[in-house]
Amino acid sequence: MTTTTLRGPDAAPPPPTVAGPPADQPDGAPGPRRIVQRRGPSDLVFRGIARAGGAAVLFIMVLVGLFLTIQAWPAIEVAGWRFLTVQDWDPAGNNFGVAGVLTGTVLIALVAIAISVPLATGAALYISEYAPRRIRPLLVNLVDLMAAVPSVVYGIWGFFLLQPRLLVAGDQGEGLPRWLATYLGWIPLFKVDGYDPRDPVASPTALTSSTFIAGVVVAMMVAPIITSVMREVFSQAPVGEREGAYALGATRWGMIRSVVLPFGRGGMIGGTMLGLGRALGETIAVYLIVSMVFVVQPHILQNGAGSISALIALRYGDSTALGIAALMAAGLVLFLMTLVVNFVASIVISRSRSGAASEV
Amino acid sequence: MSTSPDLTKAGPAVPGSTVLPAAEPRPDVPERRRVIGRPRRTDGFALAGAAVAGVSLTALLFTRLAPFDGVLGFVVVSYLAFLGFYTLLVSFDESGPTVRDRLAAAVVHSLAALMLLALVVVVVFTLWRGREALVYLNFFADDMGRAGPLQPLSVGGIRHAIIGTLMQIAIALAVTVPLGLVCAVFLSELPGPFSRLVRTIAEAMTALPSVVAGLFVYATVVLALGMGKSGFAASLALGVMMLPIMIRAADVVIRLVPGTLREASLALGASQWRTIWHVVVPTARSGLTTAVILGTARGIGETSPVLLTAGFAAYTNANPTSGPQTSLPLFVFDAVRRPDEAMIARGFGAAAVLMGLVLILFAIARLVGGRAPGQLGRRAARARARASRRDAARFAARARARQAPGVHASDSEVSDA
């Protein structure tokens with residue numbers, strides 16, 4: 001059969017070229033052929049299985065969300081709005097709230113982001129713009145590998161090397177926290193209560209197990225994630241615009257500032273927020289380093305910090321039903337926070353110019 | 001009077017006419033092409049000089065001039081001094097934009113080096129602290145059932161943790177891989193309002209912190225159903241955590257399969273099921289494998305869900321459905337918080353083993369996949385080329401046989417049929 005027409009074989013006469021409604025045709029033949037899709041039994045089975053798989057996943061996910069809410073309800077009923085304002089964790093005494101640990105979680109994540117974003121931007125720019133072409137795949141793999149290193153490994157690294165050797169070293173607690181506390185202690189954020197850095201016998205333990213040190217460790221964990229998103233976006237910057245900038249006499253940094261960074265802004269923001277989501281939920285590294293406090297601790301260099309996820313890992317053994325429910329409520333708050341952050345990240349990435357084809 | 005038609009005529013300058021100069025004699029030696037992209041020698045001098053000057057100034061500051069101390073401070077001050085000197089040196093013979101370019105390049109390079117250094121330090125430090133435990137063979141072949149925390153490293157090991165990790169991740173994968181892949185195929189191949197809803201929910205669940213997944217399983221399976229802490233509960237927690245990650249990664253890979261391939265298969269009369277099984281899934285196979293392996297690497301290293309659900313045991317427990325079953329990250333977490341040196345060394349050894357596992361998984365993922373759909377590896381490309389040459393030879397033989405219908409025509413027709 002050589003001729004192809006839109007009509008079936010039974011409509012042998014060629015279609016009239018005169019345009020007119022189908023009803024005008026003499027034999028009442030229909031207009032364009034209606035396309036009917038017949039699916040074989042194997043297709044129907046396949047579609048059924050695929051739908052069932054999707055439904056099963058939906059069921060599991062909704063179940064998790066629903067159960068979290070249902071099981072957290074008794075605690076929320078007991079505590080009410082005070083759950084968000086009380087700075088204590090005493091479920092047996094009906095006095096519990098996440099104000100302190102929530103602030104601590106946010107502070108740790110912010111410290112982590114403040115450290116990891118410049119680091120990740122530099123690394124991503126190096127990989128996509130400066131690195132020799134031959135070693136680029138190797139670097140990409142190294143960064144991805146860094147993202148796959150288990151969090152407990154970062155945790156013991158922070159606990160055994162970073163804190164005692166680099167940040168609060170020796171009897172005097174030499175390191176960045178002491179320097180910050182000494183020279184920037186007049187800023188409330190860097191103030192350390194009960195510690196005088198100029199006192200030679202002051203114990204450096206006031207500077208350990210702090211929000212800042214936990215933030216540094218979490219920064220090491222989220223930096224590769226942010227790097228990988230940013231690198232992906234930077235490498236998609238259009239070649240034509242890059243060459244245009246060079247042709248106008250831009251240096252490499254001039255090209256990066258005028259082409260790559262504006263193009264990748266959406267990806268940079270989105271990647272940062274993805275990292276923020278991970279930093280908010282990080283448990284083990286934080287648990288190993290901080291000593292938990294339940295009050296609001298605005299001094300990030302001072303011993304004692306709060307974190308919702310570390311609180312859950314610390315108190316899950318509570319035997320009372322209300323204690324578990326209270327932890328569930330705290331977990332729900334944490335989940336809602338990461339959920340909002342992740343959704344904003346995906347919206348920012350998909351709205352940006354570079355994000356249409358991006359993987360995240 | 002306009003331009004004269006004979007442009008090459010070199011005569012007295014007539015107003016309005018153009019005179020071309022005679023061609024210059026070619027030089028004997030062909031001119032060297034100037035390379036302008038390469039760094040020059042002065043760039044290297046500026047870098048080295050600034051580095052030496054920065055370190056020297058800082059050493060002077062720290063030892064003679066100011067009451068500074070500390071290794072970290074020394075490094076930071078030398079780096080800042082280096083940047084200052086470098087800017088100064090470059091500004092002697094370059095313009096403003098070039099100085100800024102050089103400065104930015106220096107900062108970007110050092111940030112990347114810092115990141116790489118962090119990775120190297122994390123890996124090397126773990127291996128270094130774990131070296132004492134890793135040299136003992138019983139560390140891999142024995143469990144802690146008869147070894148107290150105070151006993152030396154020649155007694156006891158992490159066999160129970162390795163078995164626990166492998167078993168828990170295997171159960172989690174047995175649930176999540178089929179479900180995740182079917183769901184990913186569903187999301188990309190049967191688009192509609194329902195699949196949009198499923199995709200939104202699955203993406204939302206990637207935000208679920210792993211400790212909350214663990215708490216959920218602890219509250220439902222361990223407490224409410226009364227199963228007690230077990231390896232099975234831990235793998236459920238890992239599965240809840242890994243499922244959305246895997247779905248998302250697989251969905252991205254399947255969506256990258258070119259639509260033209262699908263349409264070609266459908267146009268040849270294949271059913272939807274056959275199109276997906278024979279075209280879409282093989283095209284995306286390497287990416288799907290990568291998605292699964294990277295999800296596994298993520299799940300194997302998670303501590304917090306296991307901490308809440310698996311329980312801690314010192315003996316080998318090969319039965320995931322009853323009794324506590326320790327996994328590697330959990331063992332690390334427990335061991336490093338003990339005060340004994342031997343136990344801390346065991347913890348670092350277990351962390352090194354865990355990192356080795358992740359590294360192996362990662363290497364497999366990179367060997368198997370990581371390519372875009374439709375891009376072939378070297379061997380696959382060669383196989384395709386061979387098959388294609390075979391086909392071409394066959395077509396040519398048939399064409400020859402058709403053109404010369406002789407004695408051989410019937411033979412070739414028979415052999416082709």
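Let's start with B:Val198, which counts as buried because it has 24 C-beta neighbours inside 10 Å. Buried here means 20 or more other C-beta atoms within 10 Å of the residue's own, with C-beta atoms placed from the backbone; 12 or fewer is exposed, and in between is partly exposed. A word on what we're looking at: this is a predicted model, where local features need pLDDT of at least 70, side-chain atom pairs count only at pLDDT 80 or more, and totals for chains, interfaces and linings use all residues. Residues are numbered from 1 along each chain as its sequence is written, and chains are lettered from A and ligands numbered from 1 in the order in which they are written.

Back to our valine. B:Val198 sits in helix 6 of chain B, residues 193-205; helices are DSSP runs of H or I with at least four residues, strands are runs of E with at least two, and both are numbered from the N terminus. What does B:Val198 touch, not counting residues up to four places away in sequence? From chain A, A:Gly54, A:Val57 and A:Leu58, and from chain B, B:Cys183 and B:Leu187. Contact means C-beta atoms, placed from the backbone, within 7 Å.

On to the two chains together. Their contact takes 72 residues from chain A and 80 residues from chain B. On the chain A side, helix 1 (residues 41-79) gives the largest share, 18 residues.

Now chain B as a whole. You'll find 16 helices and 0 strands in chain B, and 41% of its 417 residues count as buried.

One helix pair deserves a stop. Helix 13 (residues 328-335) and helix 14 (residues 341-368) of chain B pack at about 155°, with axes 8 Å apart. Axes are lines fitted to C-alpha atoms, for helices over the stretch in contact, and angles run from 0 to 180 degrees between N-to-C directions. That makes helix 13 of chain B roughly antiparallel to helix 14 of chain B, a label for angles over 145 degrees; under 35 is roughly parallel, 65 to 115 roughly perpendicular, and the rest oblique. Among the residues making this contact are B:Phe331 and B:Val332 of helix 13 and B:Ala350 and B:Leu354 of helix 14.

Keep an eye on B:Val332. Leaving aside neighbours within four places in sequence, B:Val332 also contacts A:Val152 and A:Ile156. In the largest nonpolar core, of 208 residues, B:Val332 is one of those touching the most other members. Such a core is a set of buried Ala, Val, Leu, Ile, Met, Phe, Trp, Tyr and Cys residues joined through C-beta atoms within 7 Å.

Key. Contact = placed C-beta atoms within 7 Å.
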